[in-house]
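Try each task before reading its solution.

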Amino acid sequence: MKRFVATATILILSLAAFAVEKQYQNGVILKNDQKKNTRVVYWAVDTPITKDDLYYDVTIELATKVYVARYTPRHEDDPLPDQWTAGSTQKVRIDGGHLYLEDSDGAETKLVIIKRRAPTPAEQMSAPPQPAK
C-alpha cells in the first residue's frame, strides 16, 4: 500500500511539473509580410473559379532565435492587429509548433511557426538590447 501511495504521489507531481505553462518573453517584431494563397473553389465548364485567402508571415526575434510565424485572420477583411508593427516589442510564448502573442488586454493570439533560424548580423544590430537576467 505504501508503494502505491508513493508511486501515485510521484506520478501526480511529475504530471503537475509538465503542466506548467511556459513563460512569456519579450520579442521584437522585425517585419510583417502580407501574402495570399489562391485556391480553386469550383470549376465551371473547364474554367477554375478561384479565391484568394489572405495570411501574414510575422517575423519575430527572441533572445537568440528568429521565428517566422503564420497568422491567418478569421475573416478576409480582418486587418493585422495594430500593435504588430515592425520594431514593436511584444510578449511572446513558444509552445511546441505554435507561437502565442499576448495582446494589451491579456488575450493570446496563436500563430503557427513556419521557420526557426539564428538572427542575421543586420537583425542583431537593429534589435534593441535585451535586459540582463
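**Exercise 1.** How many Å² does the accessible surface of the protein come to, and what percentage belongs to carbon and sulfur atoms?

*Solution.* Keep in mind that this is a predicted model. The accessible surface of the protein is about 9,700 Å². Carbon and sulfur atoms account for 56% of that surface. Turning to burial, 26% of the 133 residues count as buried.

**Exercise 2.** List the elements of the protein from the N terminus on, and find how the strands are arranged.

*Solution.* Begin with the inventory: the protein has 2 helices and 6 strands. Read from the N terminus, their order is α-β-β-β-β-β-β-α. Next, follow the pairing: the 6 strands close into a barrel in the order β1-β2-β3-β6-β5-β4, with antiparallel pairing. On average, neighbouring strands of this sheet are turned by 40° against each other, direction ignored.

**Exercise 3.** Examine how strand β1 pairs with strand β4.

*Solution.* Locate β1 at residues 25-44 and β4 at residues 89-95. These two strands pair in the antiparallel sense over 4 bridges. For a specific position, look at Gln 25, which stands opposite Val 92 in β4.

**Exercise 4.** Is Val 5 buried, partly exposed or exposed?

*Solution.* First place the residue: Val 5 lies in helix α1, residues 2-18. Its relative accessibility is 44%. Buried means under 20% and exposed means over 50%, so Val 5 counts as partly exposed.

Key. Residues numbered from 1 in each chain as written. Predicted model: local features only at pLDDT ≥ 70, side-chain atom pairs only at ≥ 80, totals over all residues. Heavy atoms only, no water. Buried < 20%, exposed > 50% of the residue type's maximum accessible area, 1.4 Å probe, protein only. Pairing = 2+ DSSP bridges. Axes fitted to C-alpha atoms, helices over the stretch in contact; angles between N-to-C directions. Areas by Shrake-Rupley, 256 points an atom, 1.4 Å probe, with all protein chains shown as cover.
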